[in-house]
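Let's take a walk through this model together, from its overall layout down to a few single residues. Have the viewer open and follow along.

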Amino acid sequence: MSKKILEVENLRINVLDGTPLVKGVSFRVCKGRVLGIIGESGSGKTMTCKAIMQLLSKKNFDISGKIEFKNRNMLDMKEKEINKIIGKDISMIMQNPMTAFNPMFKIGNQIIETLMTHSNITKKDAYDIGVKELEKMNLDRAHEIMNSYPYSLSGGMLQRIMIAISLMLTPSVIIADEATTALDVKTQSLILSEFERIRDNDIGLIVVSHDFGVIARIADDVIVMKDGEIIENGTVYDIFDNTKDDYTKELLSARLLRKEVS
Ligand SMILES: Nc1ncnc2c1ncn2[C@@H]1O[C@H](COP(=O)(O)OP(=O)(O)OP(=O)(O)O)[C@@H](O)[C@H]1O
Ligand SMILES: [Mg+2]
C-alpha cells in the first residue's frame with residue numbers, strides 16, 4: 001500500500017448564495033502515485049484543486065469537509081500555517097504559465113524570491129539552486145534564462161520553468177491542472193516524462209486533463225467527475241478499459257483520439 005499524503009474527504013464548495021459547485025468529493029493522494037481527474041467542462045475539477053490550494057476566498061465560497069495534510073485538516077488552519085504549506089509542501093502548476101509569472105521581473109529574481117520566502121538561504125545559494133533545477137528540466141542556457149523577462153520566453157519554456165520552481169521547493173504534492181494542454185506534442189511529452197520523474201521521487205501528483213492520452217500514460221488512479229460529484233473511481237485500467245458507468249463510457253468515446261492504455 002502506498003503511503004497517503006493528502007486526503008480530501010466529503011469536500012463541499014458552495015457559492016455563498018447556496019449554489020453547490022462541489023458536492024461531497026473524497027479521494028486520496030499517495031506517495032509515488034498519480035491521481036488523474038477527468039470530467040466534462042464545469043464538473044468541478046479546477047474548483048477542487050483550488051480548494052486544496054486554498055485559493056478560494058471565504059468571502060465568495062462556503063467550503064466544508066476535510067482536506068487533510070499530515071493528519072491535520074487544512075480547512076481548520078490559520079492563514080499563517082496555511083502559508084507555510086501552500087507553495088512549499090503543496091504546489092500547483094497552472095494551465096497558463098504566463099499568469100504565474102510577474103511580467104515586471106526577471107525569471108531569476110522570481111525564482112530567488114520564491115526560494116528565499118520558503119527556506120532560509122542566501123541569494124547566491126538560491127541563484128545556484130535555480131540554475132541547477134532549470135538544467136534538470138532540460139533547459140539549456142540556464143544563466144541566460146535567469147536573466148530573462150517572462151515575455152521573451154516561449155509558453156513551453158515557461159511551463160518547464162514553472163515545473164522546475166515547483167520542484168525546487170521539494171513539495172510532497174503537486175497539482176497539475178491542464179498543465180500540458182496548450183503545449184506542442186514534443187514539449188508535452190517532455191513534461192510528461194518530468195511528471196514520471198516526479199512520481200518516482202515519491203511525490204504525490206494530481207493531474208487534471210481533458211487529454212485522455214495524457215491520463216492513460218501517466219495516471220495510476222482516476223476519478224471521473226460530473227456536476228460536482230465523483231461518479232466513478234478506480235485504477236486507470238478500471239476506468240479506461242473496464243468502465244461500467246454510462247457517463248464514463250460516453251466521456252471516453254467522445255474523444256476520438258484517445259490512445260489505448262498499453
Ligand atoms: N468564481 C466562481 N463563482 C461561481 N461559480 C464558479 C466560479 N468559478 C467556477 N464556477 C463554477 O463552478 C463549476 C465548476 O467549475 P470548474 O472550473 O471547477 O470546472 P472544471 O471541471 O475545471 O471545467 P474545465 O474542464 O472547463 O476546466 C462550474 O459550474 C463553474 O461555472
Ligand atoms: Mg478546469
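Helices (H or I, at least four residues) and strands (E, at least two) are DSSP runs, numbered from the N terminus. This is a predicted model, in which local features need pLDDT of at least 70 and side-chain atom pairs count only at pLDDT 80 or more, while totals for chains, interfaces and linings use all residues. Residues are numbered from 1 along each chain as its sequence is written, and chains are lettered from A and ligands numbered from 1 in the order in which they are written.

Start with the overall layout. The protein chain splits into domain 1 (1-89 + 177-262) and domain 2 (98-170), with bounds that come from an automatic or database domain assignment. Their centres, taken over C-alpha atoms, are separated by 26 Å. Where the two meet, 11 residues of domain 1 are in contact with 10 residues of domain 2; contact here requires C-beta atoms, placed from the backbone, to lie within 7 Å. On the side of domain 1 that touches domain 2 there are 6 nonpolar, 2 polar and 3 charged residues. In this scheme Ala, Val, Leu, Ile, Met, Phe, Trp, Tyr, Cys and Pro count as nonpolar, Asp, Glu, Lys and Arg as charged, and the others, Gly among them, as polar.

Now turn to the open sheet, where 4 antiparallel strands follow the order S2-S1-S4-S5. Two strands pair if DSSP finds at least two bridges between them. Strand S2 (20-30) and strand S5 (72-73) are at the edges with a single partner strand each, so one side of each has no neighbour in the sheet. Strand S1 (residues 4-15) is joined to S2 by 8 bridges, and Ile13 has Val22 as its bridge partner in S2. These two strands make a hairpin with 4 residues between them, and Gly18 in the turn has a positive phi of about 105 degrees.

Is Ser26 buried or partly exposed? Ser26 has 14 other C-beta atoms within 10 Å and is therefore partly exposed; a residue is buried with 20 or more such atoms, exposed with 12 or fewer, and partly exposed in between, C-beta atoms being placed from the backbone. Leaving aside neighbours within four places in sequence, Ser26 is in contact with Val8, Glu9 and Asn10.

Next, look at strand S6 (residues 90-93): Ile90 and Met92 point one way, Ser91 and Ile93 the other way, and all are buried. S6 pairs in the parallel sense with strand S7 (residues 173-177) over 4 bridges, and Ile93 stands opposite Ala176 in S7.

Of its 67 residues, Ala176, Leu205, Ile206, Val207 and Ile215 touch the most other members. Helix H7 (residues 155-168) gives the most to this core, with 6 residues. Both domain 1 and domain 2 give residues to the core, so it lies between them. Beyond four places in sequence, Ile206 is in contact with Val29, Leu35, Ile37, Cys49, Ile175 and Ala176.

Which residues surround ligand 1? They are Val15, Leu21, Gly39, Ser41, Gly42, Ser43, Gly44, Lys45, Thr46 and Met47, where a residue is near a molecule if its C-beta atom, placed from the backbone, lies within 6 Å of it. This shell divides into 3 nonpolar, 6 polar and 1 charged. Helix H1 (residues 45-52) gives the most to it, with 3 residues.

Finally, two backbone details. Most residues other than glycine have a negative phi, and most peptide bonds are trans. Gln54 has a positive phi near 60 degrees; it sits in the loop between H1 and S4 and is buried, with 20 other C-beta atoms within 10 Å. Thr170, in the loop between H7 and S7, has a positive phi of about 40 degrees although it is not a glycine. Thr170 counts as partly exposed, with 13 C-beta neighbours inside 10 Å.

Definitions and conventions:
A nonpolar core is a set of buried Ala, Val, Leu, Ile, Met, Phe, Trp, Tyr and Cys residues joined through C-beta atoms within 7 Å.
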